[in-house]
Amino acid sequence: MKADPKGVMTGAHFLDGDHACCEGALAAGCRFVAGYPITPSTEVVERIAARFPAVGGMFIQMEDEIASSIAIQGAVWAGAKAMTVTSGPGFSLMMEHIGLAAMLETPCVFVNVQRGGPSTGLPTLPGQADMMQARWGSHGDYEVIAFCPNSPQECFDLTIEAFNMAEIYRVPVMLMLDECVGHMTEKVVIPEADAIEIAERRFTGAKPGEYLPYETNGNWVPPMVKAGDGHYFHMTGLTHDERGYPVMNAEAQEKCVHRIVNKIRENADAIVRLREAEIEDADVVVVSYGITSRVALKAISMAQAEGIKVGHMRLVTAWPFPENRIRRLADQGKAFVMPELNYGQMYLELERVVQGRTRSLLVPHGGGTVHDPEVIYRKIKEAVQ
Amino acid sequence: MSATEIKFSGFGGQGVILAGIIFGRAASIYDNKFATLTQSFGPEARGSACSAQLIVSEDQVLYPYVTRPQILMAMSQEAFNKFLPETTDDATVIIEEELVKATGLKPGMKLYGIPATRIAEELGRKMILNIVMVGFFTAVTGLVGYESAREAVKDSVPQGTEVMNLKAFDRGYQYGKELK
């Protein structure tokens with residue numbers, strides 16, 4: 001399906017990442033946003049509040065982030081595409097309902113414009129320290145998909161991708177911006193509506209009374225219904241059977257968890273998005289994401305100027321983690337350097353996959369600004385010594 | 001790689017950020033260069049010296065922040081005093097000459113001044129001084145084309161104010177051309 005032209009602001013614009021994210025949501029067909037404004041994500045909802053009503057959409061400023069994260073799920077089950085927008089402290093409050101979205105398999109998007117933390121931390125300055133929270137923040141076993149744009153253009157493009165992935169896999173999708181990308185203004189090209197591919201929601205063909213909300217028929221993802229279409233069923237965060245009713249035993253639990261975990265794990269290679277450059281004959285691969293990936297390129301060119309063979313792998317999706325690709329590169333004996341604006345989060349995944357077979361070095365940073373490329377460059381040199 | 005780092009500065013309410021946006025838009029949309037604009041947020045941006053930072057380049061901008069501006073635009077004394085020490089030794093310094101007394105310039109620096117507030121007042125609206133500055137800036141730096149900057153002004157100002165703003169732009173531009 002192609003995008004609805006009503007929501008697509010075709011043309012070349014000079015936008016910041018936050019505003020581009022709003023335009024991406026509109027192009028993706030999102031028509032409901034609930035949120036509670038928080039720096040540095042406020043500009044996303046400011047623009048949404050101004051733009052959505054004009055295309056028949058709705059924005060509600062909720063009493064808090066807990067309410068926002070559940071209001072969007074109500075809207076999704078009423079048939080809308082929906083998202084919420086926040087930053088670290090608000091993201092913390094949303095964790096319970098991220099688990100509910102995983103359990104009910106509600107396709108929805110959570111935008112987190114990351115600032116320095118913990119707690120209220122650095123409201124106006126960048127961090128990338130919510131990456132593990134995005135993956136593990138709610139209790140229980142589940143999987144998510146997370147995107148990490150590194151420019152306003154990608155804030156537009158990947159917001160559309162996030163909505164598409166949410167529909168295809170019926171998972172909460174995290175859009176992990178950072179303050180730098182969110183507040184940076186650059187050229188954003190928005191294509192014609194018919195050049196934008198939109199994943200439609202898959203609705204059941206079953207008649208009312210016959211619909212089983214969690215019947216998969218051998219697929220990973222069951223079809224949905226819209227409230228008001230005459231289907232009655234029970235929705236619960238409790239472990240449930242195909243009808244959606246609570247069933248409290250190990251067998252039902254196994255069936256439930258197995259699917260919500262493996263629908264992502266088994267499809268990881270189809271979900272993972274990487275941008276790679278000069279990896280094949282590299283001795284060292286710099287792995288990075290978000291704003292850090294741009295700074296890393298500067299460090300890479302410094303190292304290359306000295307004849308060091310360095311490649312770059314950018315995680316466009318951070319979750320699921322590209323295990324298979326990293327494992328293959330580690331098997332080839334390549335070393336890894338990973339800068340991120342935290343004290344080692346995605347790096348733990350890298351280490352888990354590399355398993356000590358080659359060198360993997362972290363370039364930590366507490367956040368508040370971006371890395372000095374010189375520091376990454378020195379780590380690249382250390383990795384080849 | 002040829003990148004130019006620019007700092008637009010003044011006090012809050014002068015339209016400093018808009019000046020940066022117009023120039024970034026002109027460079028990236030109309031001149032097809034790469035332009036990355038960042039600005040300070042939070043308490044540090046609430047004082048009397050506020051700024052927008054712009055990098056214009058032939059290639060993608062990798063490091064997003066301005067570290068040593070080659071061009072400084074200052075519309076207030078405080079902004080001038082605060083940001084001049086950050087500039088390169090051969091920086092181009094562009095000032096609102098009735099609001100800024102330029103002292104402490106290094107020998108390699110080039111200084112251009114314009115009474116932008118007075119010109120804006122002559123045009124009937126004091127608040128368009130930033131657009132006068134943008135016109136002046138376009139003329140003396142030559143970093144973006146005249147037409148590109150003009151189009152960017154048109155795109156960036158509130159609807160219904162285009163004529164007045166373009167007049168302001170042209171006055172600033174003329175003043176700059178005559179000075180050069």
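In what order do the 5 strands of the open sheet in chain A run? I read the order as S10-S12-S11-S14-S15, with mixed pairing. I note at the outset that the model is predicted.

**Entry 1: the open sheet**

I looked up the edges next. Strand S10 (274-277) and strand S15 (360-363) of chain A are the edge strands, each pairing on one side only. I also took the angle between neighbours: with direction ignored, neighbouring strands of this sheet are turned by 20° against each other on average.

I then followed one pair. Strand S14 (residues 335-339) of chain A and S15(A) run parallel and are joined by 4 bridges. Within that pair, I found A:Pro339 opposite A:Val363 in S15(A). For the background I keep one reminder: strands of a sheet pair through backbone hydrogen bonds, either parallel or antiparallel.

Which helix packs on the sheet and touches S14 and S15 of chain A? I noted helix H13 (residues 346-354) of chain A, which also touches strand S11 (284-288). The direction of H13 makes about 165° with that of S14(A).

**Entry 2: chain A as a whole**

I counted elements before going further. Chain A has 14 helices and 15 strands. The radius of gyration of chain A is 21 Å, and the globule rule gives 21 Å for 385 residues, so the chain is as compact as a globular protein of that length. Along the principal axes, I have the C-alpha trace of chain A spanning about 70 × 50 × 40 Å.

I checked burial and contact range as well. Of the 385 residues in chain A, 52% are buried. Among contacts in chain A between residues at least 6 apart in sequence, I find that 77% join residues at least 24 apart.

**Entry 3: the two domains**

I took the bounds from the domain assignment, which gives domain 1 (5-195) and domain 2 (275-384) of chain A. Their centres, taken over C-alpha atoms, are separated by 27 Å. The contact takes 22 residues from domain 1 and 21 residues from domain 2 of chain A.

Which elements give two or more residues to the side of domain 1 of chain A that touches domain 2? I listed strand S6 (122-126), helix H6 (131-136), strand S7 (145-147), strand S8 (172-178) and helix H8 (179-183) of chain A. H6(A) gives the most to that side, with 4 residues.

**Entry 4: the nonpolar core**

I looked up the largest nonpolar core, which has 170 residues. Those with the most contacts inside this core are A:Val33, A:Met83, A:Leu175, B:Val132 and B:Phe136. Helix H7 (residues 152-169) of chain A supplies the largest share, 10 residues. I place the core between domain 1 (5-195) and domain 2 (275-384) of chain A, because both give residues to it.

Leaving out residues up to four places away in sequence, B:Val132 touches B:Ile114, B:Ala116, B:Ile119, B:Ala120, B:Ala168, B:Arg171 and B:Gly172.

**Entry 5: A:Leu212**

I located A:Leu212 in the loop between strand S9 (185-190) and helix H9 (250-265) of chain A. Why is A:Leu212 classed as partly exposed? I count 15 other C-beta atoms within 10 Å, and the class takes residues that fall between the exposed limit of 12 or fewer and the buried limit of 20 or more.

Not counting residues up to four places away in sequence, A:Leu212 touches A:Glu242 and A:Arg243. I also took one distance: the C-alpha atoms of A:Leu212 and A:Gly290 are separated by 40 Å, the two residues being 78 residues apart along the chain.

Definitions and conventions:
Residues are numbered from 1 along each chain as its sequence is written. Chains are lettered from A and ligands numbered from 1 in the order in which they are written. This is a predicted model: local features need pLDDT of at least 70, side-chain atom pairs count only at pLDDT 80 or more; totals for chains, interfaces and linings use all residues. A nonpolar core is a set of buried Ala, Val, Leu, Ile, Met, Phe, Trp, Tyr and Cys residues joined through C-beta atoms within 7 Å. Domain bounds come from an automatic or database domain assignment. Two residues are in contact if their C-beta atoms, placed from the backbone, lie within 7 Å. The radius of gyration is taken over C-alpha atoms; the globule rule is 2.2 Å times the number of residues to the power 0.38. Two strands pair if DSSP finds at least two bridges between them. Axes are lines fitted to C-alpha atoms, for helices over the stretch in contact, and angles run from 0 to 180 degrees between N-to-C directions.
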